[in-house]
Amino acid sequence: MKQKLEELQNKISQTVINSADELEEFRLTYLSRKGILNDLFEEFKTIPNEIKKDVGKLMNAVKQDIQVKFNEASGLFHTTNVKSKSLEYADLSLPAELQNIGGRHPLSIIENEIVSIFNKIGFTITEGPEIEDDWHNFSALNFPENHPARDMQDTFFIDKEIALRTHTSSVQVRLMENQKPPLRAIMPGRVYRNEAVSARANCFFHQVEGIYIDKKVSFADLKQTLYYFVKEMFGEDVKVRFRPSYFPFTEPSAEMDISCLLCKGAGCNVCKYTGWVEILGCGMIDPNVLENCGIDSNEYSGFAFGMGIERIAMLKYDVKDLRTYFTNDVSFLKQFSQL
Ligand code: DAH
């Protein structure tokens, strides 16, 4: 063993390390767990005790030589092995690494945009609870006792009287109950429906509700307000149309379509080849609803509207699958970090 060690010592003194790769090779050959030095220590355990002292000295000398060679070369080359990184010195003159600060979620971007468009024409913001009672979510809004929207299939009930709100229209009721007209507010928030999750539906989503109540508010006011909103949100070229519809809490009721942003009205699968896409429901607040909330319907009239934030974001950003908004895939979200 002594002879082996002397040969090794010789070999090391002649070894020249010329590159980072050679340094790494040196490290693997001598210093790694399966390297020569370790083997030698294993072998050392098996030799007779009387020569252990001598051989041990030599072994330590060889170990020292290997370490010195390695340290010298490390000063010249960086080993390619990550574990040896601690041998590097930090360069304090380098600029700091940029911090990844993330960005806003696309739904928040759209919500903020809607809010600021309505803020400009005097609408304030109001919020309400997501866990709601039957009165605010249904009864006060004129839903008949047996209306299908109350059905277990649509609504997540907590008990007979309490449910997760199915729309932000419940906040209208709270506002009308608590404040006197004139009222002009928008109400953004999350709503819940017991629907199977798919590319076009989710069990929760987001809406923005709006109301305007004063003396002599008319359908013409409703139309002008929504025309203004569409131009601000989607640009001057977008066309708008109203279709008669039905909601228990408005009379008359309408749905508003805009010309399809993707095919510019020519027809595509997003607009189902009609050239139009629906973006909101609206109407004149039913006098029954005003009275339910303590507002004199002979003195006051008002309009209301409600839109889905996901729908608007999908149209604006050409997102085809609703689920992408909720899976929090960073590569999807990163696309919006500059907005
Ligand atoms: N609450 C309705 C829904 O969730 C949307 C809506 C329609 C709100 C008409 C309104 C309205 O305020 O006037 O489908």
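**Figure 1. Pairing of β7 with β8 in the predicted model.** Strand β7, which spans residues 250-259, runs antiparallel to β8, and eight bridges join the two. The model shown in this and the following views is predicted. Within this pairing, Ala254 has Cys282 of β8 as its bridge partner. Strand β8 is mostly covered, with eight of its ten residues buried.

**Figure 2. Pairing of β8 with β9.** Strands β8 and β9 are also antiparallel, and five bridges join them. Met284 stands opposite Phe303, a residue of β9. Both β8 (276-285) and β9 (301-308) supply at least two residues of the shell around the ligand.

**Figure 3. Strand order of the open sheet.** Seven strands form an open sheet with mixed pairing, in the order β1-β4-β5-β9-β8-β7-β6. Its edge strands, β1 (124-125) and β6 (240-247), each pair on one side only. Strands of a sheet pair through backbone hydrogen bonds, either parallel or antiparallel. Elsewhere in this sheet, β4 (residues 183-192) is antiparallel to β5 and is joined to it by ten bridges. Tyr192 stands opposite Phe204 in β5.

**Figure 4. The shell around the ligand.** The ligand is surrounded by 15 residues, and the closest are His167, Ser169, Arg193, Gln207 and Glu209. By class, the shell comprises five nonpolar, eight polar and two charged residues. Among the elements that each supply at least two shell residues are α7 (169-178) and β5 (204-214).

**Figure 5. Polar atoms of the protein facing the ligand.** An N or O atom in the side chain of Glu209 is 2.6 Å from an oxygen atom of the ligand. For Arg193, a polar side-chain atom lies 2.8 Å from a ligand oxygen atom. A polar side-chain atom of Ser169 lies 3.0 Å from a nitrogen atom of the ligand. Taken alone, the ligand exposes 360 Å², of which the protein buries 89%.

**Figure 6. Cysteines in a structure without disulfides.** The structure holds zero disulfides. A disulfide is a covalent bond between the sulfur atoms of two cysteines. The cysteine sulfur closest to that of Cys268 belongs to Cys263, and because the two are 3.7 Å apart, they are too far for a bond; the cut-off applied is 2.5 Å. Cys268 is buried, with a relative accessible area of 14%. Cys203, in contrast, is partly exposed, with a relative accessible area of 25%.

Technical notes. Residues are numbered from 1 along each chain as its sequence is written. This is a predicted model: local features need pLDDT of at least 70, side-chain atom pairs count only at pLDDT 80 or more; totals for chains, interfaces and linings use all residues. Side-chain values use heavy atoms; hydrogens and water are left out. A residue is near a molecule or strand if one of its heavy atoms lies within 4 Å of it. A polar contact is a pair of N or O atoms within 3.5 Å; within protein, one must be able to donate a hydrogen and the other to accept it, and residues adjacent in sequence count only if both atoms are side-chain atoms. Accessible areas come from the Shrake-Rupley method with a 1.4 Å probe; for residues, only the protein chains shown count as cover. Helices (H or I, at least four residues) and strands (E, at least two) are DSSP runs, numbered from the N terminus. Ala, Val, Leu, Ile, Met, Phe, Trp, Tyr, Cys and Pro count as nonpolar, Asp, Glu, Lys and Arg as charged, and the others, Gly among them, as polar. Buried means under 20% relative accessible area, exposed over 50%, partly exposed in between (1.4 Å probe, protein chains only). Two strands pair if DSSP finds at least two bridges between them.
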